[in-house]
Amino acid sequence: MSRAAVPGLPSRHPIGEQLPSLYADDDFAQRFTAGLDTVLAPVFTTLDNLPAYLDPRIAPTDFLAWLASWVGATDDPQWPVEQRREAVVRAVELHRWRGTRRGLVEALRLALGVHAEVRDDGGSWWSGTAGADLPPRPPAEPLVRVWPVREERVDVGRVREIVRAMCPVHTVCRVEVLPGPPADEGR
């Protein structure tokens with residue numbers, strides 16, 4: 001990422017106009033400062049538009065990878081630009097939901113554009129009665145079911161990679177890729 005001279009970009013603060021009147025008619029001084037204006041104009045323009053550079057929804061495309069690194073977002077240059085922008089915008093929210101069913105489903109939807117559901121997540125139990133019986137054993141491992149939104153193939157390797165990254169460390173998840181929505185989706 002680099003910002004360079006933009007041909008014909010005028011300076012909002014020409015240096016030649018700010019010189020003492022002695023140099024107003026000096027051709028060399030005016031040409032010299034015009035050269036500096038050409039170099040500095042993109043700097044002033046960038047600084048004047050800094051809030052736009054920091055907003056991933058409108059930032060220059062080559063800035064997205066840098067913004068993604070600030071918030072720990074995944075930035076895949078092969079994704080469409082709008083998907084990359086959404087990943088940066090939603091990064092903090094996804095970090096907050098990391099390790100949860102909701103976080104995993106949203107990460108899969110955002111990264112791969114697929115529908116997903118997580119079953120048998122172990123749950124939690126409590127009792128208001130001292131000495132109550134222990135709850136039944138949770139299933140051995142959660143099941144993550146994924147199916148495409150449209151008639152597209154689902155990259156199983158990428159699904160497994162995202163599941164590994166988003167699930168708690170102590171959890172091993174099974175991944176199942178379906179050709180379409182599960183028959184029991186409406187449960």
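Predicted model: local features only at pLDDT ≥ 70, side-chain atom pairs only at ≥ 80, totals over all residues.
Residues are numbered from 1 along each chain as its sequence is written. Local features need pLDDT of at least 70 and side-chain atom pairs pLDDT 80 or more, while totals for chains, interfaces and linings use all residues, and side-chain values use heavy atoms, without hydrogens and water.

**Exercise 1.** Classify the ring pair of Phe63 and Trp66, and the accessibility of Phe63 and Trp66.

Solution. A pair of aromatic rings is described by the distance of the centres and the angle of the planes. Rings pair if their centres lie within 6.5 Å, and planes over 60 degrees apart count as edge-to-face, under 30 as stacked, the rest as tilted. For Phe63 and Trp66 the centres are 5.0 Å apart and the planes at 85°, so the pair is edge-to-face. Buried means under 20% relative accessible area, exposed over 50%, partly exposed in between (1.4 Å probe, protein chains only). Phe63, at 8%, is buried; Trp66, at 36%, is partly exposed.

**Exercise 2.** Locate Trp125 and classify its accessibility.

Solution. Trp125 lies in the loop between strand 1 (114-119) and strand 2 (143-148) (strands are DSSP runs of E, at least two residues). With 59% relative accessibility, Trp125 is exposed.

Terms used
Helix = DSSP H or I, 4+ residues; strand = E, 2+ residues; numbered from the N terminus. Phe/Tyr/Trp six-rings, centres within 6.5 Å; stacked < 30°, edge-to-face > 60°.
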